[in-house]
Amino acid sequence: MELDIQKMIFEFIGGLGIFLFGIKYMGDGLQRSAGDKLRDILDKFTTNPIMGVLAGIIVTILIQSSSGTTVITVGLVSAGFMSLRQAIGVIMGANIGTTVTAFIIGIKISDYALPIIAVGAVLLFFFKNKRIHNLGQIVFGFGALFFGLELMGGGMKPLRSLQEFHDLTLSMSDNPLLGVLIGTIFTVIVQSSSATIGILQELFGQGLMDIRAALPVLFGDNIGTTITAVLASIGASVAARRAALTHVIFNLLGTGIFLIFLPLFTNFVQFLQDAMNLNPEMTIAFAHGSFNLTNTIIQLPLIGLLAWIVTKLIPGDDSMIEYKPKHLDPIFIEQSSSIALGQAKEEVLRMGKFAIIGLEASSEYQKTFSQKNADTAMQLEDAINNLDRKITDYLILISRSEMSSTESEEHSMLMDTVRDIERIGDHFENVVELVGFQITNKVKLTDSAKKDLEEMFDLTIQTLKDALTALDDKDTALAMKVLKSEEQIDKMERTLRKKHILRINEGACTGSAGIVFVDIISNLERIGDHSVNLAEAVLGHRD
């Protein structure tokens with residue numbers, strides 16, 4: 001039989017594309033159905049390593065991607081929502097959760113792929129209800145997954161007559177490391193272990209590969225899937241890089257252990273196949289599940305050691321932003337509203353420090369165009385929003401208890417202050433977006449405009465610092481200084497607008513540059529206004 005190479009390649013890459021789309025589309029539908037609960041699951045249910053493993057399994061099943069769970073986890077570690085030890089448990093759970101896709105494929109319902117796609121399409125296009133739409137997305141993605149597999153399988157069938165392929169599979173049977181390498185490289189390219197496991201199931205199902213060659217490839221697939229988390233951690237915090245490295249070490253160690261006991265594991269898989277009368281696809285699914293479950297059981301007690309190893313391999317101070325509040329213990333509300341208000345104030349001041357650092361980062365971004373500064377500012381804005389919600393909820397709880405008139409005034413002041421700091425976060429986020437627009441559209445500011453912006457940034461940052469110090473110390477003299485500084489900011493904004501108009505008239509400045517410049521100084525002026533509100537809160541609470 002003559003091989004039609006073009007048909008083979010087209011069917012394989014087309015099937016792979018549909019398969020990857022199916023997994024992604026189904027995962028997105030599941031994620032939308034879960035709403036915003038994914039981060040909450042990882043945030044709340046990681047109190048100990050075992051709970052972390054369970055959280056990792058649940059989230060991975062919901063989004064159908066261990067890489068996706070690991071990337072979310074890396075982000076949460078970087079943000080301070082999760083410690084490194086908690087993250088290791090989640091990563092282990094993600095490896096178990098991803099095996100669900102292989103079990104779904106093992107059900108072997110490819111013959112019904114097209115009707116399933118049709119049902120999904122009906123739900124997507126003929127119903128406006130959001131829940132039904134999400135269900136349609138899940139069903140459509142589910143069908144596309146199997147249709148893609150069927151196409152890939154059709155593309156791979158002619159390989160049975162190719163001698164070179166038989167020689168390669170024999171080499172993998174005799175040399176497991178070659179199989180591991182092939183599995184790793186292919187998964188790195190595709191960036192989906194589910195896809196490569198699916199291909200492996202098809203190859204094994206068609207008799208194109210025996211179990212001794214298939215298992216090392218399966219191990220390599222698990223190593224290759226770590227690349228997504230590694231890419232996500234580039235340029236991230238020390239903690240995030242450590243979490244990504246843990247994922248790599250976890251799968252490398254697991255592969256090393258299983259390669260040592262490969263003959264034993266091969267016999268175990270063959271025993272399962274015979275004892276449970278498994279089809280070839282389900283055999284690979286059980287092998288995949290057994291590998292990840294056993295690997296997790298072996299390494300779960302070693303979480304402390306893994307954390308120590310990655311800390312040594314990636315040294316440095318962990319400069320992660322701690323999103324979670326540090327001072328808002330509900331027990332203080334029961335004991336004393338006065339103490340609780342004091343704790344709330346400490347958290348508000350911490351939120352204020354985030355605002356200062358975020359404003360400084362946005363200033364640096366404007367000067368250097370360094371993406372690291374933009375990322376820092378955006379993370380801090382996210383942290384400010386989180387603290388805004390937590391502090392507001394805490395203050396609402398305090399308001400339910402009895403307070404003196406002085407405490408009521410303090411409570412009202414803190415509510416207003418939280419709102420002002422949250423708005424400051426919004427304004428430096430606007431600055432970051434404006435600079436991003438400037439970079440994307442290659443908008444150039446004149447040297448004079450850059451110098452003017454730097455001066456206004458410096459004055460605004462110092463004014464905000466003074467306002468927060470005045471709030472902390474109840475320093476009325478410093479609060480009065482803030483009011484005068486804000487007048488300077490207002491005057492500077494008016495002056496800089498006039499200078500900008502002159503530059504446009506002289507042809508030294510483009511319209512796009514003008515939009516960026518004027519909007520940045522406008523946001524800085526608004527930050528000055530919110531700083532005044534903080535200062536007036538101090539002046540309004542004079543003893």
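Is Asn277 buried or exposed? At 69% relative accessibility, Asn277 counts as exposed (over 50% relative accessible area; buried is under 20%, partly exposed in between, with a 1.4 Å probe and protein chains only).

## Model and conventions

This is a predicted model, where local features need pLDDT of at least 70, side-chain atom pairs count only at pLDDT 80 or more, and totals for chains, interfaces and linings use all residues. Residues are numbered from 1 along each chain as its sequence is written, and side-chain values use heavy atoms, with hydrogens and water left out.

## Overall make-up

The protein has 24 helices and 0 strands. Both are DSSP runs numbered from the N terminus (helices: H or I, at least four residues; strands: E, at least two). Of its 543 residues, 52% count as buried. Contact here means heavy atoms within 4.5 Å. Among contacts with a separation of 6 or more, 81% join residues 24 or more positions apart.

## Nonpolar cores

A nonpolar core is a set of buried Ala, Val, Leu, Ile, Met, Phe, Trp, Tyr and Cys residues joined through side-chain atoms within 4.5 Å. The largest one holds 67 residues. Leu359, Ile391, Leu395, Ile421, Leu464, Phe517 and Ile520 touch the most other members. Two or more residues each come from H19 (337–368), H20 (371–399), H21 (405–440), H22, H23 (476–505) and H24. H24 gives the most, with 13 residues. A second, separate core has 43 residues, including Ile138, Leu208, Leu218 and Ala285.

Leaving aside neighbours within four places in sequence, Ile421 contacts Val348, Met351, Gly352, Ala355, Ile384, Leu468 and Leu534. Gln366 sits in helix H19. Gln366 is buried because its relative accessible area is 6%. Beyond residues up to four places away in sequence, Gln366 touches Val435, Leu445, Leu453, Phe457 and Ile520.

## Helix pair H22 and H24

The axes of H22 (residues 447–473) and H24 (residues 511–539) come within 9 Å and cross at roughly 15°. That makes the two helices roughly parallel (angles under 35 degrees; over 145 is roughly antiparallel, 65 to 115 roughly perpendicular, the rest oblique). Axes are lines fitted to C-alpha atoms, for helices over the stretch in contact, and angles run from 0 to 180 degrees between N-to-C directions. The crossing is left-handed (near helix turned anticlockwise from the far one by less than a right angle; clockwise is right-handed).

In H22, the contact residues include Leu453, Phe457 and Leu464; in H24, they include Phe517, Ile520 and Leu534. By class, this contact has 16 nonpolar, 4 polar and 2 charged residues. Ala, Val, Leu, Ile, Met, Phe, Trp, Tyr, Cys and Pro count as nonpolar, Asp, Glu, Lys and Arg as charged, and the others, Gly among them, as polar.

## Helix pair H6 and H11

H6 (residues 99–106) and H11 (residues 193–205) have axes that come within 9 Å and cross at roughly 35°. This crossing is right-handed. Thr101, Ala102, Ile105 and Gly106 in H6 meet Ser194, Ile197, Gly198 and Gln201 in H11. The contact divides into 3 nonpolar, 5 polar and no charged residues.

## Positive phi in two loops

Most residues other than glycine have a negative phi. Asn277 has a positive phi, near 50°. Asn277 lies in the loop between H15 (262–275) and H16 (280–299). Lys474 is not a glycine either, and its phi is about 55°. Lys474 lies in the loop between H22 and H23. At 44% relative accessibility, Lys474 counts as partly exposed.
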